[in-house]
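Here's a quick briefing to read with the structure open beside you.

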Amino acid sequence: MRHLVIVLGDQLDAASSAFDGFDPARDALWMAEVAEESTHVRSSRVRSALFLAAMRHFAAERRADGWTVHYTSLDAGVTTLSDALAADITRLRPAGLVLSAPGDWRVLQALRGAGKAHGLPLDLRDDRHFYATVRDFAAHAKGRKQLRMEYFYREMRQRHRVLMDGDQPCGGQWNFDADNRGSFGADGPPPVPPRAGFAPDALTREVLVTVAQRFPDHPGDLSAFDWPVTRDQALQALRLFVDERLPDFGRWQDAMWAGEPWLWHAHLSAALNLKLLNPREVVTAAEAAYRAGRVPLASAEGFIRQVLGWREYVRGIYWTQMPGYLDRNALDAHAPLPAFYWTGDTDMACLRDAIGQTLRLGYAHHIQRLMVTGLYALLLGVDPNQVHAWYLAVYVDAVEWVELPNTLGMSQYADGVKADGRPAGAGPMASKPYIATGQYIARMSNHCAGCRYRPDRRTGDDACPFTTLYWDFLARHEARFARHPRMALQVKNLARVPAPERAAIAARADALRRGSGA
Ligand code: FAD
Ligand code: SF4
């Protein structure tokens, strides 16, 4: 055999660079399901099932194309990717390995090691799924004192001619965030549009049985599994999103409502991250709907900003800052992750709802991740690495290149550290910590109405833990943020809190940290 072309669970694209020059007569595909990918963090059963079902469908499609596929299934009992690859190198004796750049530093090291151990050349190719290569991102970052997504995004819009009229952004501005922060008010959301759901076929049902047997104590309700597992299904999901949800996506982008997990979001991150969808077709579909007058500009721009801006930006951050990025802890946070993150068993209504749907479905939208589960961990002072392990485990779309910068940088403000460990003011993901009291959650949702706590109170038995911890966060980091251009005002407000109340805040925050009171 000439080349063994390695295809990982998040590389399910028949047009991937790994297949350039692929000759079905002399080359073969290699895929493996290994236990470690579901156990190195306690991966949601929904996440594991999605990856495995999509892999098996991809392998079946390539076999139908007449390609040879060497596929190790989970039942073979192999623990690691490198063990699986080593066994097949010995058995198949390929002349070389081909791999499109993986999404995870750990996996890249493991596969490089396996090739090296057998003296085999590894042809590592750019992942052209993304608009920007890592080199493009490094060129953008070079010489800049401070990296900001906004400037990168504008460059991407210009370079790829997205939402541009001549050399001007459509509508004369780059950003329509101000139009995109609606909440549902007291009446609640209008009827939520239909969501694409796909009944599991025989291949997926087999996976569901295997995953249930192999990972009985992992979170995730497999009885509700209906994620797209093929490219055809992913394209159907994209079409339905653009027709039904995109018109109001911007307006309701930040809103939350108890018992409504899906709202107007795309639910396309998993299909994108598995590479069943290409970001270009997603962005093009959104822009075409705007140009056809079917979607307001604020919605189209708000959505495109997430895909062309944030998604590409976080990948650049990950690959230019790893492996050191993983250990950053700029706020010196060391509290353990509360046990209720694994059960949802808390009397805080907002956290109970966000964690409950996360553990059940493997999905929560951005504001739930950032301003509920992420915010609570940040205010409590949880070790960012424990927060990272949770986010990597529980979401269907979790792959480290996208999860880590979002968790460690955006939600935990932990990445403001120079390579030598000294504080750097702000990191590349956020210019200030995303902190708020429970009043923010009260404004953006109906959770507080059904909660035993009061978001406007910072002390006392019924004070909202978010509100207590917000003031405690400011007090603990007062010196760090006193002269911060975007935080100084919040720190200044702390001076107005009388000393006895400050002491009561600190005492209650300590109690929350020790696990009592919430
Ligand atoms: P929508 O809200 O409909 O957004 C549309 C698309 O934009 C998404 O499908 C996604 O591809 C992209 N997108 C939106 N926001 C981001 C972002 N901040 N970074 C990168 N892409 C973005 N996203 C993941 O894909 N995998 C993760 O593991 C992940 N972990 C996160 C952890 C934390 C703490 C936070 C705050 C965010 C995380 N995100 C992650 C980003 C974002 O929350 C999800 O992409 C989004 O909620 C997925 O749901 P959706 O497809 O309905 O997205
Ligand atoms: Fe969450 Fe606080 Fe509101 Fe309760 S009062 S739902 S804990 S924000």
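Let's start with the open sheet, which has 5 strands in the order β3-β2-β1-β4-β5 and parallel pairing. Keep in mind that this is a predicted model. The protein is divided into three pieces: domain 1 (3–125), domain 2 (134–198 + 227–321) and domain 3 (325–513).

**The sheet and a helix across it**

- At the edges of the sheet you'll find β3 (69–72) and β5 (122–125), each of which pairs on one side only.
- Going from one strand to the next, the twist averages 25°.
- Strands of a sheet pair through backbone hydrogen bonds, and they can do that either parallel or antiparallel.
- Take β2 (residues 28–32) as an example: this strand pairs with β3 in the parallel sense, over 4 bridges.
- Helix α2 (residues 45–64) lies across β2 and β3, and the helix runs at about 155° to β3.

**Where domain 2 meets domain 3**

- Taken over C-alpha atoms, the centres of domain 2 and domain 3 are separated by 25 Å.
- The contact takes 24 residues from domain 2, while domain 3 puts in 26 residues.
- On the domain 2 side, α9 (269–273) and α11 (297–321) each supply at least two of the residues that touch domain 3.
- Which helix gives the largest share of that side? That's α11, with 7 residues.
- Sorted by class, the side of domain 2 that touches domain 3 has 13 nonpolar, 7 polar and 4 charged residues.

**Around ligand 2**

- There are 14 residues around ligand 2, and the ones that come nearest are C350, G438, C448, C451 and C464.
- Three helices each supply at least two residues of this shell: α12 (349–361), α16 (438–444) and α17 (465–476).
- Which of the helices gives the most to the shell? It's α16, with 3 residues.
- How does the shell split by class? You get 12 nonpolar residues, 2 polar ones and no charged residues around ligand 2.

Note on methods. Residues are numbered from 1 along each chain as its sequence is written. Chains are lettered from A and ligands numbered from 1 in the order in which they are written. This is a predicted model: local features need pLDDT of at least 70, side-chain atom pairs count only at pLDDT 80 or more; totals for chains, interfaces and linings use all residues. A residue is near a molecule or strand if its C-beta atom, placed from the backbone, lies within 6 Å of it. Ala, Val, Leu, Ile, Met, Phe, Trp, Tyr, Cys and Pro count as nonpolar, Asp, Glu, Lys and Arg as charged, and the others, Gly among them, as polar. Domain bounds come from an automatic or database domain assignment. Two residues are in contact if their C-beta atoms, placed from the backbone, lie within 7 Å. Two strands pair if DSSP finds at least two bridges between them. Axes are lines fitted to C-alpha atoms, for helices over the stretch in contact, and angles run from 0 to 180 degrees between N-to-C directions.
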